[in-house]
Amino acid sequence: MSSKPRATATPSTFRRALLGAALAAVPALSAWAAGASAPQGSTPASTAAPSATLAATSPKVLRYAFRVAETGFDPAKISDLYSRMITPHMFEGLYTYDHLARPARMKPLTAAAMPVVSEDYKLWTVKLRPGIYFSDDPAFKGKRRELTAEDYVYSIKRFADPAVASPAWSEIEELELIGLNEYRDQVRKSGKPFDYDKPIAGLRALDRYTIQFHARETRPRLMEVFAQGDLYGAVAREVMEAYPGDSMAHPVGTGPFVLKQWRRSSLMVLERNPGYRERFYDQEVDPAPDDAEGQALKQRFKGRRIPMIDRVEVGIIQENQPRWLSFLSGEYDLIERTPEDFISQAMPNGRIAPNLEKRGMHAYRTVASDVMFTVFNMEDPVIGGYSVEKIALRRAISLAIDVERELRLVRRGQAMPAQSLYMPGTTGFDPKFKSEMSTYDPGRAKALLDLYGYVDKDGDGWREQPDGQPLVLESLTTPDLFQRQIDEIVQKNLAAIGVRLVFKPAQWPENLKALRAGKYQIWSLATSASKPDSQDSLARMYSGQIGAQNYARFRLAALDKLYEQASHLPDGPERQHLFDESSRYAAAYMPYKYRGHRFITDIAQPQLIGYRRTVFWQNWWEYVDIDPALAKTAH
C-alpha cells in the first residue's frame, strides 16, 4: 500500500487536527466548548453536507481521532491498544464476538463452526470456511490468494520466532502447544533461523481447511485467545517475506478494510476491501430478545452487506481541547472517549446536553472493562524489592495518593475506584471485594515510612532512604495537559509525606518501550480487557510474563502457583477463590496501585448510524453506516 496521499483523498485528518489545535487557541470559542450551540453557518466548507446528487455518489467516510498514537500494524509485533484498534479491521481471527450480544458471545468468523473440543480441553479442531481471500498485494503476483489452515499455523508460529520478538509470545507460550515452546528454545540456543516448515505436533494443518491445536495441559479457554483478531488474525507468508523489516507498514489480511495511507502518529486511512466476501448484517448479529436497541439495529440493517462504509480516516490529537473542538465543528463523526475536561458540558446530569441533542447527536455511556494503575518496577533498587521496608515504601505511596481527588477533579467523576486488578465484565471481577487500594490515609503513610527508616536525616524537609541515600522517585509521564493535572496531584500528595517525585516526560510509545525493557521506576497508565476471562489480569503478576504483561516485573512463587492453577481450572467458585486470593497478594505487596475503572462516553454525530461500543473486541467499523442526509439536516 502506498504511503503517498491518493489523488481522490479528502482533506486530511492531519490538517483538521492542526485546525483543531489552532481553534483551541481562540478564546472566543471557549463558550462553544462549554456547551453553547455552534454559530449558524459555522460548519467548515470541507465538512458541509454535499448536494443530494453528490451524496449519492460520494464515498461514505467515517472520521474520528485517537488520543494516543499507534505503533504499527504487524499483529505479532504490537501490544498497544491504539494499534490493536486498527488491526482487527484488516486481519481476521478464527472467531470473533457477536457485535450486539450482551453479555459477550463468541461466534465463528473465518471458522465454519465452533471448534470440536476433547473432554479434557487439550485437543481443539477448527474447520475453516472455504472461499475467503486475502486482500490484493504485489506479493501475490497478481493471483487471488485463498486463506488456508496453513496461514494460521504460520501466523501463530511467528509469535514463537525469536527474531520477531513478539510482546504477545508469552500468551502463546502458556498454552503449551506441544512442541512449539521446545522448538523456540532450540532456535534461541542455536542462533539458527526459525524454520517455519518444521512440523509442530501441537499446531497442525490437517488439510487445506482444518487446523488442530493440541495443548499439553487442560486449556478450557484456549479459543478465547485466538478470538483476538487484532493479534491472531491470519497473515500471509508471502507478504511477510516480501517486506523484511517493514512488516509494521504492510498489513495484508482477509478483513473488510485495507490500509491506503499512513503517516506515523498522525493519520491512518483505510478503505473498504473491494474483494471482501459477502457478509450480511442481520446474519452476523443476534441480540437478546429484550435488547430493544439491538433488535432495532438488526431490523434497520436487515439485508445490508457489510461493511457499509467506504473509508475510515483516523487522526491523532493528543490534547483534549482540540480533539473536542474538532468534533464539535463537524470535523469528526465520533468522539471516542469524550474528554473528562468536557464531560460536564457534554453530559450534564448524565444526559446529553440539549444543544448537542438538538444537533442530532447521540451519546453512549458504558462502564469500561479496564483499569487505571500506577506500576512500580520491582527490579528497581529504590522502589522495588520484597523486603519489608520496600513493601512499606510502596504501600505508603499508595496510601498517600488521593485517588478520589483525581477521579473527582481531573476525571470529572468519570471513573469509580478500583479495589483490585480485575476489570468489570471479566470473570475475576467481584464488585463486593474491598481492599486498601482505594484508601487515602497520609497519616498512616507517614507512620509506615517512619517505622521502616524513611526519615529526614539531614533536616532539608525530604525523607532519605534507610541507609541515608537520597530518596528521589522518578515517574514516566506524557506531556499532555490532562496527564499533567494528574501528575500535579500525585506530586503534591507525595510531597505532603516528605517524598520527592520528579517526572520524565516522553511520548507514549517511548514510555512503553522503557516499560517493556524494565528501564523505568514508576509509570501510571491503563489497560483494557481483550477477552472475557481474567487470566490476563492475573498475568500482570505472573513471573512468566515479565517483559510482556507483567509490567511490574513481579516475582512471587505463591502467586505463580495461583496463576498456573487458575489457567487449568474451568470457570466456577474454585477458580474465583484463586482470583480473590491473588487480589489480596496484590494489595499486600503493592507492585501496582490500582486506581480506577473508567466510565466511557462516546458521542456520535447524527450521520453515524448503528454505533455501539464493543466490550472486549475492537472491530466495529463494518457494523456502522454514514448517512450524509442526516448531517445536512443537523446543520
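## Pairing of strands 4 and 5

In this predicted model, strand 4 and strand 5 (residues 123–127) pair in the antiparallel sense over 2 bridges; pairing requires at least two DSSP bridges between two strands. Val-116 has Thr-125 of strand 5 as its bridge partner. Strands (E, at least two residues) and helices (H or I, at least four) are DSSP runs numbered from the N terminus.

## Helix 17

Val-403, Glu-406, Leu-407 and Val-410 of helix 17 (residues 403–410) are buried, that is, under 20% relative accessible area with a 1.4 Å probe, protein chains only. These residues lie on the same side of helix 17 because they cover an arc of only 110° around the axis, taken from the directions from the helix axis to the C-beta atoms. They pack against strand 13 (370–376), strand 14 (415–417), helix 19 (481–495) and strand 18 (592–604). Just after helix 17, Arg-412 takes a positive phi of about 55°.

## Confidence and basis

The average pLDDT, the predictor's confidence in each residue from 0 to 100, is 90, and 90% of the residues score at least 70. Over residues 1–55 the pLDDT is below 50, and this stretch has 83 contacts beyond near neighbours in sequence.

Local features need pLDDT of at least 70 and side-chain atom pairs count only at 80 or more, whereas totals for chains, interfaces and linings use all residues. Residues are numbered from 1 along each chain as its sequence is written, and side-chain values use heavy atoms, leaving out hydrogens and water.

Conventions:
Buried means under 20% relative accessible area, exposed over 50%, partly exposed in between (1.4 Å probe, protein chains only). Contact means heavy atoms within 4.5 Å.
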